[in-house]
Amino acid sequence: MTQPAAKRKVGRPVGLAGREGGQGPATTREQILEAAREAFLTKGYKGASLRMIAANAGVDVALISYYFGRKEGLFGQVIAVNAIPSHVLHDMFAGPQDQAAANLLDGVMRLWEPKANSEAMRAILLEAMRDPAVRAIVEDYVQEQLVASLAQHLGGRSATRRAAATSSIVIGLVFARYVFHLGPLAKMTPDEVHVTLLPALETALFPRKTAKPISKPAASSQPRMTSQPKVASASGK
C-alpha cells in the first residue's frame with residue numbers, strides 16, 4: 001500500500017532540510033553564510049545578489065529572508081561569523097579571569113593567522129572602507145554586536161567603557177596586522193604580538209583601581225601659577 005506523502009512543515013521555506021541527508025536548520029544557515037561569504041568576496045557587496053547566493057547555497061531565496069532579513073543583515077552576519085565570532089568572546093571567560101585577555105588574543109589570532117581566512121576578510125573589509133553603505137554595516141556590527149556582547153560578558157562597573165577599550169585594541173590588531181599589513185606589527189611573530197598587546201588588553205578589560213587619574217597632576221600644579229612676579233608688579237602700580 002502506498003504511504004501518503006509527508007506534509008511539509010508550515011512557517012519556514014523548504015531549504016536544505018528537505019534534501020537527501022536530512023540536514024537541519026543549523027546546517028542550512030551555515031550553508032547560506034558560506035555561499036554569501038564567497039559571493040561577497042568575488043562579486044563585492046553590490047554585485048552579490050540574494051538570488052545568486054541562494055542558488056549557490058542550494059536553497060530558496062525566501063529562506064535567506066527567513067534567517068537574515070535583507071541583504072544588510074546577511075552581510076552583517078558574514079562579518080560577525082568571520083571577523084570575531086561570538087564563541088571567541090564566550091571562550092575568553094571559560095577559564096580564570098586572569099586568563100581572559102590571553103584567551104581573547106589567542107582566539108582572535110587563531111582565526112586570523114591562517115592566510116586563507118585573513119585574505120578573504122581583508123578583501124571584504126577593504127570594500128567596507130570604500131563603500132559608505134558597507135562601512136555602516138561594519139560599524140553597526142562593532143557597536144551593536146562586538147562591544148555590546150563583550151560588555152554583557154564583562155558585566156559590573158564600567159562594562160561598556162571597558163568593552164569599547166578592549167574592542168579598540170582588537171580591531172586595531174586586525175586592521176594593522178591583517179588588513180593593512182602595517183609594520184612592525186605585521187612583521188612580528190604571533191608570540192611577539194602576544195607579548196606586545198597582552199598588557200594593554202589586560203588593562204582595558206580589568207583596569208587597576210589604584211591607577212591615578214590623569215587630571216590630578218595637572219590640578220596640583222595650579223597653586224604654583226599664582227605666585228609669579230607678574231602679580232607683585234601689578235599690585236605695586
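Reader: What is the relative accessible area of Glu 139, and is Glu 139 buried, partly exposed or exposed?
Author: The model is a predicted one. Partly exposed is the class between under 20% (buried) and over 50% (exposed). Glu 139 is partly exposed, as its relative accessible area is 42%.

Reader: With which residue does Arg 135 form a salt bridge?
Author: Arg 135 counts as partly exposed, at 32% relative accessibility. Its closest N and O atoms in the salt bridge are 3.9 Å apart, and the cut-off is 4 Å. The partner of Arg 135 is Glu 139.

Reader: About how many helical turns separate Arg 135 and Glu 139?
Author: An α-helix has 3.6 residues a turn, so residues three or four places apart point the same way. Arg 135 and Glu 139 both belong to helix H8 (residues 132-154) and are four residues apart. The separation is therefore about one helical turn.

Reader: How many residues apart in sequence are the parts tied together by Glu 113 and Arg 177?
Author: The side chains of Glu 113 and Arg 177 meet in a salt bridge, 2.9 Å from N to O. Glu 113 lies in the loop between H6 and H7, while Arg 177 lies in helix H9, so the parts that the pair ties together are apart in sequence by 64 residues.

Reader: Is Arg 70 buried or exposed?
Author: Arg 70 forms a salt bridge with Glu 72, and their closest N and O atoms are 3.9 Å apart. Glu 72 is partly exposed, with a relative accessible area of 35%. Arg 70 has 63% relative accessibility, and over 50% is the cut-off. Arg 70 therefore counts as exposed.

Reader: What span is expected for helix H6 at 1.5 Å a residue?
Author: Helix H6 covers residues 100-112, which makes 13 residues. From its first C-alpha to its last, H6 reaches 19 Å. That is close to the expected 18 Å.

Reader: Which helices are among those that cover the buried residues of H6?
Author: The buried residues of H6 include Ala 100, Leu 104, Val 108 and Trp 112. Among the elements that cover the buried residues of H6 are helices H4, H5, H7, H9 and H10.

Reader: Which residues are linked with Arg 37 in a network of salt bridges?
Author: The structure holds six salt bridges. Some of them form a network, in which Arg 37 is linked with Glu 34 and Glu 38.

Definitions and conventions:
Residues are numbered from 1 along each chain as its sequence is written. This is a predicted model: local features need pLDDT of at least 70, side-chain atom pairs count only at pLDDT 80 or more; totals for chains, interfaces and linings use all residues. Side-chain values use heavy atoms; hydrogens and water are left out. Helices (H or I, at least four residues) and strands (E, at least two) are DSSP runs, numbered from the N terminus. The expected span of a helix is 1.5 Å times one less than its number of residues. Buried means under 20% relative accessible area, exposed over 50%, partly exposed in between (1.4 Å probe, protein chains only). Contact means heavy atoms within 4.5 Å.
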